[in-house]
Amino acid sequence: MKRHLLSSADLDRDDALLVLDTAAELAALTGRTVKKLPTLRGRTVVNLFFEDSTRTRISFEAAAKRLSADVINFSAKGSSVSKGESLKDTALTLEAMGADAVVIRHAASGAPHQLAHSGWIGGSVVNAGDGTHEHPTQALLDAFTMRRHLAGGKGDLEGRKVTIVGDVLHSRVARSNVLLLATLGAEVTLVAPPTLFPVGVETWPCATSYDLDSHLRDADAVMLLRVQLERMNAAFVPSVREYSRRYGLDKQRMSTMPDHAIVMHPGPMNRGMEIASDVADAPRSVIVEQVANGVSVRMAVLYLLLGGAQLGTGEPDTDDADTGVEA
Amino acid sequence: MSSARTPDDTRTVLDGAEIARALTRVAHEIVERAKGADDIVLLGIPTRGVFLARLIAERIRAIEGREVPVGSLDVTMYRDDLRRAPARALLPTQIPADGIDDKIVVLVDDVLYSGRTIRAALDAMNDIGRPRAVQLAVLVDRGHRELPIRADFVGKNIPTSKSEKVHVRVSEHDGDDAVLISGHAGAAEAEAR
């Protein structure tokens, strides 16, 4: 593993499988009375959230706490950021407080990269969603969920067909998923109206289509992306209702999917828009399980980034890690 | 992997038949100490401790005529040397369905050395339940303890030098059953297992 997790592209096949296998072992913890491991005792994880988030922040917080790390939650609202503090000064403050890892969500694509490579902080940086760029832990939990249902919980996703539907243009989930699923050998098809594909999507390791119905019959997993209503005023689609008719997953469309195929959604859902309510609650919908798996996957990521010595990155942190000295 | 070690300085200290006899004796001792096989749970420490635990369970079934639950307990997350090496992959933990509360848990490992693995195992067990008693069975006790821990059941005591390495091979995992010692002073590279 590298020192930071900024993009799904940071993970080669072995790294990705290591995260998924580790998460599979950690998932067993959920069933226990004592849901806690001492592994990250004395280490500090800062959740640095410049954008609103419920599940991702709670998920990271639960993951860090189950590994016994100290968690500091920072949200831009009600902080010095609203007084105009820059990312740099916020980072320097966190560094002075001894953060071993910073989990960052930011509206600007590339903010985690900036934080990781500017030399402002010495710890690991985990991207929890940056702008319209990436959200790698979401991709990992999606892959983990698919592997559980489609590959017996082991190995990669070689040859599995995944259809991702919706607002690819604004979706960091789509980009991270495409990169990770391609690494794991799955065949991904993105489906969206022409206006909601980003420029350069033809260079992504996936197929694209404008027609949902033709990509349901052979899909092993169908993932709906949230219709980002806050961005729909720019006339990307004529109306929400038309979008829903052509790209929403309703019961009738779901019935054309193979029996084993699963329905996924990264949340939060707009019921009745990209996903019909009865589809969201159908037995083959794994949306709630995705949330549960998110904690296991984020525990795995935090453990692999923070649990051992920091080696092989060329960063001068190795001495500290070797002697166990907390700087 | 590319060390200049010749096959000559690896010697066999236990062969398959000797391991089988040692495990049979250990199984008898476990049953004798517990006055039967009731309430016994065998927890192997991955990787090879799990195979040894299964072999001991087979023998207890032959002696007492009843199944003994066998599980595995990975101690990676509880190790005290985690931060001295890059994060390790986790190994399977499988606790038998009836749990370990009020049971007599026999931890099974291949080699007892510093005792640090067993300390970690005791911590790990603490988070899973509260056994009535915990005992330790090992195939090889090679000495050099760094913690106040001893085994209740020992297949064979093998005095070693710290610079030597003890390799346990079990047929389900390595193709054959044997305990080997390799390396002399100078060839020492502390490899965990």
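Which residue forms a salt bridge with B:Arg169, and how far apart are the closest N and O atoms? Select B:Arg169 together with B:Asp176, and the partner is on screen, with the closest N and O atoms of this salt bridge 2.6 Å apart; the term stands for a side-chain nitrogen of Lys or Arg within 4 Å of a carboxyl oxygen of Asp or Glu.

Before going further, note that this is a predicted model, in which local features need pLDDT of at least 70 and side-chain atom pairs count only at pLDDT 80 or more, while totals for chains, interfaces and linings use all residues. Residues are numbered from 1 along each chain as its sequence is written, chains are lettered from A and ligands numbered from 1 in the order in which they are written, and side-chain values use heavy atoms, with hydrogens and water left out.

**Chain A as a whole**

Show chain A as a cartoon, and 11 helices and 9 strands can be traced, both being DSSP runs numbered from the N terminus (helices H or I, at least four residues; strands E, at least two). The C-alpha trace spans about 60 × 45 × 40 Å along its principal axes. The radius of gyration of chain A is 20 Å, which agrees with the value near 20 Å that a compact globule of 327 residues would have; this radius is taken over C-alpha atoms, and the globule rule is 2.2 Å times the number of residues to the power 0.38. Colour chain A by accessibility next: buried residues make up 56% of its 327 residues, where buried means under 20% relative accessible area, exposed over 50% and partly exposed in between (1.4 Å probe, protein chains only). Of the contacts in chain A with a separation of 6 or more, 75% are accounted for by residues 24 or more positions apart, a contact being heavy atoms within 4.5 Å.

**Where chain A meets chain B**

Now select the interface, in which 21 residues of chain A are in contact with 17 residues of chain B. The area buried here is about 1700 Å², with 57% given by carbon and sulfur atoms; buried area is the accessible area (1.4 Å probe) that two parts lose on being put together, summed over both. Across the interface the rule finds 0 salt bridges.

**Salt bridges to select**

Over all chains, a search of the whole structure finds 24 salt bridges. In chain A, select A:Lys161 and A:Glu187, whose closest N and O atoms are 3.5 Å apart in a salt bridge. A:Lys161 lies in strand S5 (residues 161-165) and A:Glu187 in strand S6 (residues 187-191), so the pair ties together parts that are 26 residues apart in sequence. A:Lys161 is partly exposed at 30% relative accessible area, and A:Glu187 is partly exposed at 41%.

Move on to A:Arg57, A:Glu61 and A:Lys65, which are linked in a network of salt bridges.

In chain B, select B:Asp152 and B:Arg150, whose side chains meet in a salt bridge (3.8 Å, N to O); B:Arg150 is exposed, with a relative accessible area of 60%. Return finally to the opening pair, where B:Arg169 is partly exposed at 29% and B:Asp176 is partly exposed at 33%.
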